[in-house]
Amino acid sequence: MTRARAELGSFLIAASLTLQEGDPNQLAQQVRFASQELELAKAEVLYYVLDVRGRTLTLKLRGVELRRFPLLSVELGAPLGGPEDPDWLARVYEFQRDSSTQRQEMKPGQAPGEHVLPADADTATPSSLTLRCQPGLTIRVRAESERTFSASISDRWALDEPMGGVRLRLRLADEDVRSLYRSLPDKAKILFTPVW
Amino acid sequence: MKQGVRLRLVSSGNGSSAASGRRSAWVLVVWLAALLTAGLALPVVTGALYHYDPFPSETGSRKEATLSETEPEQALSEALRLERALHALQPGRNHIVVDTSQNQLYVKKGDQILYQAVCSTGSGMLLRDPHQERQWIFDTPRGFFRVFRRAVNPIWTKPDWAFVEEGKPVPGSLAERRDEDTLGDYALYFGDGYMIHGTLYQRYLGRSITHGCIRLGDEDLERVFQLSPVGTPIYIF
């Protein structure tokens, strides 16, 4: 409770400062964001908060931070004429998995432990992930070790990504990409902290 | 004359070669033009005409919403209400966080980690019953749960899949399903047959090999059991 009070106190100070600075737009964004997060927290679903200014992607559940992924870089790709949806940062997005997960099948009658996958199977991870989110957001996550010229070209051309939407390019540490890949729930929600 | 004819013939031969060369040059030009056109058109067709910038841009703030001069105080009050409501959802007590991607279990209070242990979580594998149209997927469920029962020396009532996995017939009586050895010294039940318990296969701790339950080593299990009364929130991701 002490921590919660301390956090609430710091929020009050920050909010008061915001008010004193007289930018009602920032306060409106703050209200919008808090409202969206509260809705997700009450729904007891896993959700990610993408803080592009703070360079973090945070996985949360019921308002509790479960895992924070530092972002090594964030790049925004938009159509030359600008995003189709000018309010795209204010949306709550939902991750859409392309296909069902391929499952390895156990054979009945094996002795306990025989069906254990080899250790490298536990950690096998693609070096980049493409997260298609509705409405109109694609996030490509690339591991730091994949910082190559061809990867850069591939990320820019992105022939497999839909036109018109917003494209985000995130670069994470290899270990974080692995963790993100393995923990990403179907229909995970993603929202952005206000940017000003 | 003969020489003249010969000369004309030679001359005629050179003319044919030049024409062929011109045709080849034209074909090359057409191909290059086609390639150039395709190169220019492809980005348009594929939507690759995007511009990429570091984000957020430092130029200008986003105006997604506006408030009139009289609304900020009302908005501040609403922001505080929302923030309080969000804080009210967070546990003020010990809670368990399980990271299935790293096979790590934490007992936390607020942001403080009280205890950390290597665990094993669901294998994600599929088991089909060769005799019936049914199958099981061994994932650890993700989401929010609570410890609703604690047990010392827990007895496992083996479900059907345990027999199918072993290639044995599924027994009808409960007595044949009783297993007093597998779960270890303690169990924390969190719903739908899932629990945090011990393991006979401690060498596999840290690997994703279970049928969905969360396994801990003996010492870790005892400590987590002590720190987690009934009602302890469990966050699994």
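This is a predicted model: local features need pLDDT of at least 70, side-chain atom pairs count only at pLDDT 80 or more; totals for chains, interfaces and linings use all residues.
**Figure 1. Chain A from end to end.** Helices (H or I, at least four residues) and strands (E, at least two) are DSSP runs, numbered from the N terminus. On that basis, chain A reads α-α-β-β-β-β-β-α-β-β-α-β-α-β along the sequence, with five helices and nine strands in total. Residues are numbered from 1 along each chain as its sequence is written, and chains are lettered from A and ligands numbered from 1 in the order in which they are written. Of the 196 residues in chain A, 33% are buried (20 or more other C-beta atoms within 10 Å of a residue's own, with C-beta atoms placed from the backbone).

Figure 2. Ten strands line up in an open sheet with mixed pairing, in the order 3(A)-2(A)-1(A)-9(A)-5(A)-6(A)-7(A)-8(A)-4(A)-1(B); two strands pair if DSSP finds at least two bridges between them. Strand 3 (64-70) of chain A and strand 1 of chain B sit at the edges with a single partner strand each, so one side of each has no neighbour in the sheet. From one strand to the next, the twist averages 25°.

**Figure 3. Strand 4 of chain A and its two partners.** On one side, strand 4 (residues 73-79) of chain A runs antiparallel to strand 1 of chain B, joined by five bridges. Here Glu75(A) stands opposite Pro54(B). Another five bridges join strand 4 to strand 8 (residues 166-172) of chain A, also antiparallel, and Gly77(A) has Arg167(A) as its bridge partner there.

**Figure 4. Chain B's side of the interface.** Here 61 residues of chain B are in contact with 68 residues of chain A (C-beta atoms, placed from the backbone, within 7 Å). Helix 2 of chain B gives the largest share of chain B's side, 13 residues. By class, that side has 31 nonpolar, 16 polar and 14 charged residues (Ala, Val, Leu, Ile, Met, Phe, Trp, Tyr, Cys and Pro count as nonpolar, Asp, Glu, Lys and Arg as charged, and the others, Gly among them, as polar). The predictor gives the complex an ipTM of 0.83 and a pTM of 0.80.

Figure 5. Over residues 1-13 of chain B, pLDDT stays under 50, and the model has zero contacts beyond four places in sequence for them. Chain B averages a pLDDT of 86, with 84% of the residues scoring at least 70.

Methods:
A residue is buried if 20 or more other C-beta atoms lie within 10 Å of its own, exposed if 12 or fewer, and partly exposed in between; C-beta atoms are placed from the backbone. Two residues are in contact if their C-beta atoms, placed from the backbone, lie within 7 Å. pLDDT is the predictor's confidence in each residue, from 0 to 100. Axes are lines fitted to C-alpha atoms, for helices over the stretch in contact, and angles run from 0 to 180 degrees between N-to-C directions.
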